[in-house]
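Thanks for coming. I have a few minutes on one structure, and I will go from the whole chain down to single residues.

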Amino acid sequence: MQHTGGNMGSEGITPRDEDYSQWYIDICTKAELADYSAVKGCMVIRPNGYAIWEKMQRALDDMFKATGHRNAYFPLFVPKSFLSREAEHVEGFAKECAVVTHYRLMNAPDGSGIVVDPSAKLEEELIVRPTSETIIWSMYKKWIQSYRDLPLLLNQWANVVRWEMRTRLFLRTTEFLWQEGHTAHASSEDAEAEALRILEVYRRFAEEWLALPVLVGRKTESEKFAGAQHTYCIEAMMQDGKALQAGTSHHLGQNFAKAFDVTFQTETGTREYVYATSWGVSTRLIGALIMAHSDDHGLVLPPRMADIQAVIVPIFKKQAELQAIQEAVGRRADSWRDAFSFQMDDRDTVTPGFKFADWELKGTPVRIEIGPRDLAKGQAVVVRRDLERGQEGHKTFVPLDEIVAHVPRTLDTIQRNLFDRALAFRTAHTYDVDTYDEMKARIEEAPGFFRAFFDGSAEDEARIKAETGATVRCIPFGDQGERGTCFLTGRATNQRVIFAKAY
RNA sequence: CGGGGUGUAGCGCAGGGGGAGCGCGCUUGGUUCGGGACCAAGAGGUCGGAGGUUCAAAUCCUCUCACCCCGACCA
């Protein structure tokens, strides 16, 4: 199949149990979150999708500011020479960098179209940033002289490019949007505290805003960011039991300071390399949101992520009936607007039934139906997106004057229910395993998180990945200390890890 | 980079040497409207591109381009 999308409606959504991967694509395209662009591996984020990103940006940005960070913007282009300064770091990205070699086009001499002007070759080639560590650290070298300049706490909202072999809408695209924080500190302890502070910001954001329960922990040596001393992460479970890394925070130690020769003078007059962190989340979170909550009818948005939290569907035959409904809503619009965001769908070109399905597809958390019969009784029908038709609580009759209080409560209930549901799903799909054979036997028919004592080497991890497809997603905090025996080597260990197949 | 698939109307597809079609959507008019309405009349295409075979190519041959999906690799 080629480009999907268009005006098909949710009738065309592939059920999850039939083809999870196709279901995901259907949600993205039919809910008009994204569309394929002319460039392979690149996507267009449509208004419905971008609205979600804007919600994420707003919430996260406020949290970054509240923890003392400021925004800045660094250039898209990085001189090629910068990338050779940090060999370990380069290793991770060199194979997927886009390179700018020329700066001008011209008409082809033979009139066949536009060609690259061979005389406009760049002296030094430019890399399109796959991440901004190098360009940022080249500036930090100029800006940091003294311990008084520290800590330096910057974040940037930007696009980056990684030339991936295999792409997937939102989850892995050639170009994507993200935020990248880059901080510099006077001590290792400060950098460590910063990395953990941000990890906690990410956890709170995921759980409180995205209604996405996450495991918080540390990456193993083989899974950590090349160039980091260690990497922390939040990991979420999708509805197919696969893990998705939803955010990372790195303690970079002095690696980048040494690569870019960034030193500062201490209080006692000595000179020391600065300590660093970096951290980021991307538009991938939109993919996480979709795969955590949505169903076979379409997108399901947590209320705090919904641009339109409630849609009002008027039921009417005659214009006079519509007018009466509009007046009833109009009288209360200001107070409603203060309590929740809503939109009236008063199109007279489609039937109410079509609107119901349409707004469900788009993920709107609450639907308020108002018809002549309701109006006569001074009530409305409030319908929850998170419950199936016929389920207890799906539909409620609410007096119009109580909508202002009822809807916000319902939104809170939905937000909480989505989280609880996702957490219950994760719990039900998390398995304690004592032996490697046990995991091997179960992982195919029961995808999920496998919790095991493990102290194997990077080679052991590679072998497990080759044999089962599973990797160590994280070493969760608060799950350590207990003694056990490694499920592979049989050695005594207190390290408990989560194995899972991952996106 | 391997494997698979697809390029024909906005979307989904059929057609396989001689009139470019169907469904949905779109436009206009009318009847409808509490779970994806109906009738009628319309608009809309260099059949991905190039070359070849032929009296004649969407269709056969050669080459090419592009995108999608699955895998390896990676956020």
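I will start with one contact and then step back: Ser-335, Trp-336 and Ala-339 in helix H8 meet Ile-403, Val-404 and Pro-408 in helix H11. By class, that contact of H8 with H11 has five nonpolar residues, one polar residue and no charged ones.

Before going further, please keep in mind that this is a predicted model. What I quote is computed from it.

Now the whole chain. Chain A contains 13 helices and 27 strands. Its radius of gyration is 26 Å, close to the 23 Å that the globule rule gives for 503 residues, so chain A is as compact as a globular protein of that length. Taken along the principal axes, the C-alpha atoms fill a box of roughly 80 × 70 × 50 Å. How many of the 503 residues of chain A count as buried? The figure is 52%. As for contacts in chain A with a separation of 6 or more, 68% of them are accounted for by residues 24 or more positions apart.

Back to the helices. H8 covers residues 319-339 and H11 covers residues 403-428. At what angle do H8 and H11 pack? The angle is about 25 degrees, and the axes are 9 Å apart. Angles under 35 degrees count as roughly parallel, and that makes H8 roughly parallel to H11. The crossing in which H8 passes H11 is right-handed.

The second pair is helix H2, residues 47-66, with helix H7, residues 284-293. The axes of H2 and H7 come within 10 Å and cross at roughly 105 degrees. The range from 65 to 115 degrees counts as roughly perpendicular, which makes H2 roughly perpendicular to H7. Which residues make the contact? On the H2 side they are Gly-49, Ile-52, Trp-53 and Met-56, and on the H7 side Leu-285, Ile-286 and Leu-289. By class, the contact of H2 with H7 has six nonpolar residues, one polar and no charged.

H1 passes H7 in a right-handed crossing. From H1, the residues in this contact are Tyr-20, Trp-23, Tyr-24, Ile-27 and Cys-28, and from H7 they are Gly-287, Ile-290 and Met-291. They divide into seven nonpolar, one polar and no charged.

Next, single residues. Thr-410 is found in H11, the helix that H8 packs against. Is Thr-410 buried or exposed? Its relative accessible area is 8%, and buried means under 20%, so Thr-410 is buried. Leaving aside neighbours within four places in sequence, Thr-410 is in contact with Val-366 and Arg-384. Tyr-202 sits 208 residues from Thr-410 in sequence, and the two are 25 Å apart in space, C-alpha to C-alpha.

Ala-94 lies in the loop between helix H3 (87-93) and strand E5 (99-102). At 44% relative accessibility, Ala-94 counts as partly exposed. Ala-94 and Tyr-20 are 74 residues apart along the chain, and their C-alpha atoms are separated by 32 Å. You have met Tyr-20 already, as one of the H1 residues in the contact with H7.

Last, some backbone details. Most residues other than glycine have a negative phi, and most peptide bonds are trans.

The peptide bond that joins Leu-150 and Pro-151 is cis, with omega about -5 degrees. Pro-151 lies in the loop between helix H4 (133-143) and strand E9 (152-161).

Ala-211 has a positive phi, near 55 degrees. Where is Ala-211? It lies in the loop between helix H5 (188-209) and strand E11 (215-218). Ala-211 is buried, with a relative accessible area of 0%.

Asp-261 also has a positive phi, near 55 degrees. Its place is in the loop between helix H6 (255-259) and strand E14 (263-265). With a relative accessible area of 39%, Asp-261 is partly exposed, whereas Ala-211 is buried.

That is the end of my list.

Note on methods:
Residues numbered from 1 in each chain as written. Chains lettered and ligands numbered in written order. Predicted model: local features only at pLDDT ≥ 70, side-chain atom pairs only at ≥ 80, totals over all residues. Heavy atoms only, no water. Axes fitted to C-alpha atoms, helices over the stretch in contact; angles between N-to-C directions. Helix = DSSP H or I, 4+ residues; strand = E, 2+ residues; numbered from the N terminus. Parallel < 35°, antiparallel > 145°, perpendicular 65-115°, else oblique. Left-handed = near helix turned anticlockwise from the far one by under 90°. Contact = heavy atoms within 4.5 Å. Nonpolar A, V, L, I, M, F, W, Y, C, P; charged D, E, K, R; others polar. Rg over C-alpha atoms; globule rule 2.2 N^0.38 Å. Buried < 20%, exposed > 50% of the residue type's maximum accessible area, 1.4 Å probe, protein only.
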